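Thanks for coming, everyone. Before I talk, please take a moment to look at what is on the screen.

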Amino acid sequence: MTSSLTIRRPDDWHLHLRDGAMMEAVLPETARHFARAIIMPNLVPPVVTGAQAASYRDRILAALPEGMSFEPLMTLYMTEETDPDDVAAAYEAGIARAVKLYPAGATTNSASGVRDFDKVRPVMERMAEIGMPLCMHGEVTDAEIDIFDREAVFIERVLDPIRQAVPGLKVVMEHITTAQAADYVRANADGLGATITTHHLIINRNHILVGGIKPHYYCLPVAKREIHREALVAAATSGDARFFLGTDSAPHPDHLKEHACGCAGCFTATNTMPLLAHVFEQAGALDFLESFTSLHGPAFYGLPANTGTLSLAKSDTPTVFPDKIESATGPVTVFDPGFDVHWSVTD
Ligand SMILES: NC(=O)N[C@@H](CC(=O)O)C(=O)O
Ligand SMILES: [Zn+2]
Ligand SMILES: [Zn+2]
């Protein structure tokens with residue numbers, strides 16, 4: 001039985017840090033274990049321009065506690081007015097690493113996102129030329145499409161046509177939740193990757209709905225059937241370099257989760273690494289944990305892997321994680337996997 005493990009320091013390729021008091025509360029939770037993260041731009045107002053991304057990056061670095069090191073990798077929120085020159089300049093200056101596409105209305109703070117994909121074609125063409133990745137929230141928003149089908153329909157109606165129309169565009173399918181998404185990634189070798197969250201490797205839709213509604217398990221894309229969770233575990237633990245960790249850790253204060261119209265998002269920054277060690281061990285794939293959390297992401301983004309390490313150990317007694325993180329905007333519930341986890345981060 002493996003009881004300890006040292007891997008290269010991991011990165012999080014999809015993270016929500018928010019801003020202000022919430023950012024101060026959640027940033028140490030990520031910086032404690034992760035060297036870098038792709039920072040999502042869905043603030044209010046969104047981070048659209050290179051100048052906005054640079055000032056958001058400065059606010060993140062200013063909020064970082066003494067003695068912690070962390071590199072935020074910034075993204076730009078794509079709108080129908082996004083200027084290709086501004087995007088290219090921000091990429092070339094190292095200010096922005098990727099652009100994020102939210103179909104308008106698909107998720108938290110996506111109202112300024114894209115309605116007409118033809119309008120953003122020039123930006124995507126420019127990105128393909130310079131090799132800048134496009135991160136996609138892959139769900140259609142049509143009222144008549146069932147929420148559990150929105151990712152699969154997005155692949156057919158939006159993602160595949162965009163990839164045909166803009167050859168060479170590097171795309172990350174963010175937080176994939178279906179077997180169809182994993183299959184699509186595998187079937188398309190060139191410049192296509194996918195992030196997988198911690199929580200989608202653990203919960204299926206029953207966890208949200210059976211025995212009473214569990215608002216802390218509600219996120220977008222919503223967790224699907226068990227067969228899809230199994231497909232995600234198979235993809236994440238396969239060693240296939242196109243799949244890598246993006247926690248999508250998305251803090252909302254409890255009073256907005258435990259609400260008649262509860263916000264979407266699971267907060268997993270605090271316990272992601274022990275949870276993943278558990279999931280990978282259960283799948284008999286502990287040897288592939290490092291490639292999923294620390295090697296495939298940098299390779300996709302064209303960055304070096306981290307030189308530092310992270311050590312985990314397994315003990316006989318279950319690890320106790322905090323139930324909540326306190327913030328000046330209210331407590332944030334830490335994702336509860338619903339089973340005992342014996343792994344913890346030791347160093
Ligand atoms: N995943 C979520 O359920 N919520 C995210 C937005 C997103 O990543 O879609 C958030 O910003 O709260
Ligand atoms: Zn999303
Ligand atoms: Zn997200």
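This is a predicted model: local features need pLDDT of at least 70, side-chain atom pairs count only at pLDDT 80 or more; totals for chains, interfaces and linings use all residues.

Let me begin with a question: in which strand does Lys100 lie? Lys100 lies in strand S5, where helices (H or I, at least four residues) and strands (E, at least two) are DSSP runs numbered from the N terminus. Residues are numbered from 1 along each chain as its sequence is written, and chains are lettered from A and ligands numbered from 1 in the order in which they are written.

Now to the sheet, which is open and has 8 strands in the order S2-S3-S4-S5-S6-S7-S8-S9, with parallel pairing; two strands pair if DSSP finds at least two bridges between them. Its edge strands, each pairing on one side only, are S2 (11–15) and S9 (243–245).

Which residues does the UniProt annotation "binding site" cover? According to that unreviewed entry, they are His14, His16, Lys100 and Asp248. They span 235 residues in sequence, yet no two of their C-alpha atoms are more than 13.2 Å apart, so they gather at one spot. Such annotations may be inferred rather than shown by experiment, and UniProt positions are given in the numbering used here, with feature names shortened.

Looking at two of them, His16 lies in the loop between S2 and helix H1 (20–31). His16 counts as buried because it has 25 C-beta neighbours inside 10 Å, and Lys100 counts as buried with 26; buried means 20 or more other C-beta atoms within 10 Å of a residue's own, exposed 12 or fewer, and partly exposed in between, with C-beta atoms placed from the backbone.
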